[in-house]
Amino acid sequence: MKRWRCKACGYVHEGAQPPEVCPVCGLDRSYFIRETSVPGNFLRELREVFLLHPVSSHFPLALLPVSALAFVLLRITGDAFYDRAAFYALVIVSLAVPVVLLAGLRDWQRRYDGAPAPVFFIKRALALCLCALVWGLCLWRAMVPELWIRGGLPVWCTFFLYGLMLCLVALLGHFGGKIVYRWTLADKRD
Ligand SMILES: [Zn+2]
(Lines give C-alpha, C1' and ligand atoms only; values in the text may rest on other atoms or scores of the structure.)
Protein backbone atom coordinates (compact mmCIF):
# COMPACT_ATOMS: atom_id res chain seq x y z
CA MET A 1 0.00 0.00 0.00
CA LYS A 2 1.39 3.42 -1.00
CA ARG A 3 1.17 6.34 1.40
CA TRP A 4 0.42 9.88 0.17
CA ARG A 5 0.81 12.95 2.37
CA CYS A 6 -0.94 16.31 1.80
CA LYS A 7 1.78 18.98 1.85
CA ALA A 8 -0.68 21.56 3.15
CA CYS A 9 -2.12 19.86 6.23
CA GLY A 10 -0.19 16.61 6.64
CA TYR A 11 -3.17 14.32 6.05
CA VAL A 12 -1.98 10.84 5.07
CA HIS A 13 -3.91 8.79 2.54
CA GLU A 14 -3.23 5.13 1.87
CA GLY A 15 -3.97 3.71 -1.58
CA ALA A 16 -2.67 3.27 -5.11
CA GLN A 17 -3.41 6.92 -5.96
CA PRO A 18 -3.75 10.12 -3.93
CA PRO A 19 -7.38 11.30 -3.40
CA GLU A 20 -8.89 13.87 -5.83
CA VAL A 21 -9.38 16.34 -2.99
CA CYS A 22 -7.81 16.39 0.48
CA PRO A 23 -10.64 15.49 2.93
CA VAL A 24 -9.10 17.73 5.60
CA CYS A 25 -8.04 20.98 3.92
CA GLY A 26 -9.85 20.68 0.59
CA LEU A 27 -6.84 21.26 -1.70
CA ASP A 28 -6.53 19.19 -4.90
CA ARG A 29 -4.37 16.11 -5.51
CA SER A 30 -1.40 18.11 -6.81
CA TYR A 31 -0.62 18.87 -3.12
CA PHE A 32 -0.10 15.17 -2.34
CA ILE A 33 3.39 13.73 -2.32
CA ARG A 34 4.46 10.13 -1.94
CA GLU A 35 5.35 9.41 1.68
CA THR A 36 8.70 7.68 1.72
CA SER A 37 10.13 8.42 5.18
CA VAL A 38 11.47 5.40 7.02
CA PRO A 39 9.93 5.07 10.49
CA GLY A 40 12.39 4.63 13.32
CA ASN A 41 15.21 6.79 11.91
CA PHE A 42 15.59 9.15 14.88
CA LEU A 43 17.88 11.80 13.34
CA ARG A 44 15.86 11.99 10.16
CA GLU A 45 12.66 12.21 12.15
CA LEU A 46 14.14 14.94 14.34
CA ARG A 47 15.20 16.94 11.28
CA GLU A 48 11.72 16.60 9.83
CA VAL A 49 9.87 17.32 13.03
CA PHE A 50 12.02 20.00 14.71
CA LEU A 51 10.76 23.37 13.61
CA LEU A 52 11.62 26.78 15.02
CA HIS A 53 8.00 27.95 14.90
CA PRO A 54 6.37 25.49 17.33
CA VAL A 55 9.40 25.72 19.65
CA SER A 56 9.61 29.54 19.70
CA SER A 57 5.84 29.93 20.04
CA HIS A 58 6.06 28.59 23.60
CA PHE A 59 7.75 31.82 24.76
CA PRO A 60 4.76 34.12 24.18
CA LEU A 61 2.43 31.24 25.08
CA ALA A 62 4.07 30.89 28.50
CA LEU A 63 5.15 34.45 29.31
CA LEU A 64 2.02 36.35 28.32
CA PRO A 65 -0.10 34.68 31.05
CA VAL A 66 2.79 35.29 33.51
CA SER A 67 2.82 38.98 32.56
CA ALA A 68 -0.98 39.20 32.88
CA LEU A 69 -0.87 37.48 36.29
CA ALA A 70 1.84 39.88 37.52
CA PHE A 71 -0.33 42.80 36.35
CA VAL A 72 -3.33 41.44 38.30
CA LEU A 73 -1.13 40.97 41.39
CA LEU A 74 0.13 44.54 40.99
CA ARG A 75 -3.44 45.84 41.05
CA ILE A 76 -4.28 43.68 44.10
CA THR A 77 -1.16 44.31 46.18
CA GLY A 78 0.14 47.65 44.84
CA ASP A 79 3.65 46.15 45.05
CA ALA A 80 5.94 47.78 42.42
CA PHE A 81 7.78 44.45 42.08
CA TYR A 82 4.82 43.09 40.08
CA ASP A 83 4.84 46.20 37.88
CA ARG A 84 8.40 45.42 36.76
CA ALA A 85 7.69 41.68 36.52
CA ALA A 86 4.70 42.28 34.23
CA PHE A 87 6.67 44.72 32.08
CA TYR A 88 9.83 42.59 31.73
CA ALA A 89 7.80 39.51 30.81
CA LEU A 90 5.94 41.62 28.23
CA VAL A 91 9.27 42.87 26.78
CA ILE A 92 10.38 39.25 26.24
CA VAL A 93 7.01 38.47 24.62
CA SER A 94 7.39 41.48 22.30
CA LEU A 95 10.82 40.22 21.22
CA ALA A 96 9.60 36.63 20.79
CA VAL A 97 6.43 37.34 18.77
CA PRO A 98 8.20 38.58 15.58
CA VAL A 99 10.54 35.54 15.72
CA VAL A 100 7.51 33.22 15.99
CA LEU A 101 5.80 35.02 13.12
CA LEU A 102 8.85 34.86 10.82
CA ALA A 103 9.56 31.23 11.75
CA GLY A 104 5.90 30.43 11.00
CA LEU A 105 6.18 32.02 7.55
CA ARG A 106 9.39 30.08 6.90
CA ASP A 107 7.86 26.76 7.97
CA TRP A 108 4.77 27.49 5.90
CA GLN A 109 6.98 27.96 2.82
CA ARG A 110 9.31 25.07 3.55
CA ARG A 111 7.03 22.46 5.02
CA TYR A 112 3.67 23.28 3.47
CA ASP A 113 4.96 24.68 0.18
CA GLY A 114 3.21 28.03 0.80
CA ALA A 115 -0.15 26.27 0.39
CA PRO A 116 -3.06 28.74 0.14
CA ALA A 117 -5.27 26.94 2.71
CA PRO A 118 -7.46 29.43 4.68
CA VAL A 119 -6.08 28.29 8.04
CA PHE A 120 -2.67 29.80 7.19
CA PHE A 121 -4.21 33.17 6.30
CA ILE A 122 -6.20 33.18 9.53
CA LYS A 123 -3.02 32.42 11.51
CA ARG A 124 -1.10 35.20 9.78
CA ALA A 125 -3.83 37.77 10.44
CA LEU A 126 -4.12 36.75 14.11
CA ALA A 127 -0.32 36.84 14.53
CA LEU A 128 -0.11 40.35 13.06
CA CYS A 129 -2.86 41.54 15.44
CA LEU A 130 -1.02 39.96 18.38
CA CYS A 131 2.25 41.58 17.30
CA ALA A 132 0.61 45.02 17.08
CA LEU A 133 -1.09 44.68 20.49
CA VAL A 134 2.01 43.38 22.31
CA TRP A 135 4.25 46.08 20.84
CA GLY A 136 1.62 48.76 21.42
CA LEU A 137 1.18 47.92 25.11
CA CYS A 138 4.91 47.45 25.63
CA LEU A 139 5.78 50.84 24.09
CA TRP A 140 2.95 52.56 25.99
CA ARG A 141 4.24 51.17 29.31
CA ALA A 142 7.87 52.03 28.35
CA MET A 143 6.92 55.65 27.61
CA VAL A 144 4.69 56.03 30.69
CA PRO A 145 6.44 54.13 33.53
CA GLU A 146 3.69 54.88 36.10
CA LEU A 147 0.97 53.73 33.65
CA TRP A 148 -0.18 50.69 35.63
CA ILE A 149 0.38 52.18 39.10
CA ARG A 150 -1.79 55.30 38.82
CA GLY A 151 -5.04 53.44 38.10
CA GLY A 152 -7.97 54.79 36.11
CA LEU A 153 -8.63 54.30 32.39
CA PRO A 154 -5.13 53.07 31.36
CA VAL A 155 -5.49 50.18 33.84
CA TRP A 156 -8.85 49.13 32.36
CA CYS A 157 -7.38 49.44 28.86
CA THR A 158 -4.49 47.21 29.94
CA PHE A 159 -6.91 44.61 31.40
CA PHE A 160 -8.78 44.63 28.10
CA LEU A 161 -5.57 44.34 26.04
CA TYR A 162 -4.30 41.41 28.14
CA GLY A 163 -7.65 39.66 27.66
CA LEU A 164 -7.51 40.23 23.92
CA MET A 165 -3.87 39.11 23.62
CA LEU A 166 -4.54 35.93 25.63
CA CYS A 167 -7.49 35.12 23.34
CA LEU A 168 -5.28 35.65 20.28
CA VAL A 169 -2.52 33.41 21.69
CA ALA A 170 -5.11 30.71 22.50
CA LEU A 171 -6.61 30.93 18.98
CA LEU A 172 -3.17 30.80 17.36
CA GLY A 173 -2.36 27.67 19.38
CA HIS A 174 -5.75 26.19 18.46
CA PHE A 175 -5.23 26.69 14.71
CA GLY A 176 -1.62 25.50 14.94
CA GLY A 177 -2.83 22.33 16.65
CA LYS A 178 -5.48 21.92 13.98
CA ILE A 179 -2.84 22.04 11.23
CA VAL A 180 -0.56 19.57 12.98
CA TYR A 181 -3.03 17.13 14.56
CA ARG A 182 -6.23 17.20 12.57
CA TRP A 183 -5.08 14.63 10.04
CA THR A 184 -4.19 12.24 12.88
CA LEU A 185 -7.71 12.52 14.30
CA ALA A 186 -9.23 12.16 10.81
CA ASP A 187 -7.15 9.02 10.35
CA LYS A 188 -8.37 7.55 13.62
CA ARG A 189 -12.03 8.22 12.85
CA ASP A 190 -11.83 6.15 9.64
ZN1 LIG B 1 -4.72 18.66 3.12
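1. Leu147 touches Trp140, Arg141 and Pro154, leaving aside residues up to four places away in sequence; two residues are in contact if their C-beta atoms, placed from the backbone, lie within 7 Å. Leu147 belongs to helix 6 (residues 147-150). Helices (H or I, at least four residues) and strands (E, at least two) are DSSP runs, numbered from the N terminus. Leu147 counts as partly exposed because it has 19 C-beta neighbours inside 10 Å; a residue is buried if 20 or more other C-beta atoms lie within 10 Å of its own, exposed if 12 or fewer, and partly exposed in between, with C-beta atoms placed from the backbone. Between the C-alpha atoms of Leu147 and Thr158, 11 residues apart along the chain, the separation is 9.3 Å.

2. This is a predicted model, in which local features need pLDDT of at least 70 and side-chain atom pairs count only at pLDDT 80 or more, while totals for chains, interfaces and linings use all residues. Residues are numbered from 1 along each chain as its sequence is written.

3. The protein chain has seven helices and three strands, in the order β-β-β-α-α-α-α-α-α-α along the sequence. Of its 190 residues, 26% are buried. Among contacts with a separation of 6 or more, 66% join residues 24 or more positions apart.

4. Phe71 lies in helix 3 and counts as buried because it has 25 C-beta neighbours inside 10 Å. Not counting residues up to four places away in sequence, Phe71 touches Ala86, Trp148, Thr158 and Tyr162.

5. Helix 3 and helix 4 pack at about 160°, their axes 8 Å apart; axes are lines fitted to C-alpha atoms, for helices over the stretch in contact, and angles run from 0 to 180 degrees between N-to-C directions. Helix 3 is therefore roughly antiparallel to helix 4, given that angles under 35 degrees count as roughly parallel, over 145 as roughly antiparallel, 65 to 115 as roughly perpendicular and the rest as oblique. The crossing of helix 3 and helix 4 is left-handed, meaning that the near helix is turned anticlockwise from the far one by less than a right angle (right-handed if clockwise). Residues of helix 3 in this contact include Phe59, Leu63, Ala70 and Phe71, and those of helix 4 include Tyr82, Ala86, Val93 and Val100.

6. Helix 4 and helix 5 pack at about 155°, with axes 9 Å apart. Helix 4 is therefore roughly antiparallel to helix 5, and their crossing is left-handed. Among the residues making the contact are Phe87, Val97, Gly104 and Trp108 of helix 4 and Phe120, Leu130, Cys131 and Arg141 of helix 5.

7. The 26 residues of helix 5 (residues 118-143) should span 38 Å at 1.5 Å a residue, and its end C-alpha atoms are 38 Å apart, which agrees; the expected span is 1.5 Å times one less than the number of residues. Buried positions in helix 5 include Lys123 and Arg141 as well as Leu130 and Val134.

8. The largest nonpolar core has 24 residues, and Ala86 and Leu130 have the most contacts inside it; such a core is a set of buried Ala, Val, Leu, Ile, Met, Phe, Trp, Tyr and Cys residues joined through C-beta atoms within 7 Å. Helix 3 (58-77), helix 4 (80-112), helix 5 and helix 7 (153-189) each supply at least two residues of this core. Helix 4 gives the largest share, nine residues. Apart from this core lies another, of 14 residues, among them Tyr11, Ala117, Phe120 and Ile179.
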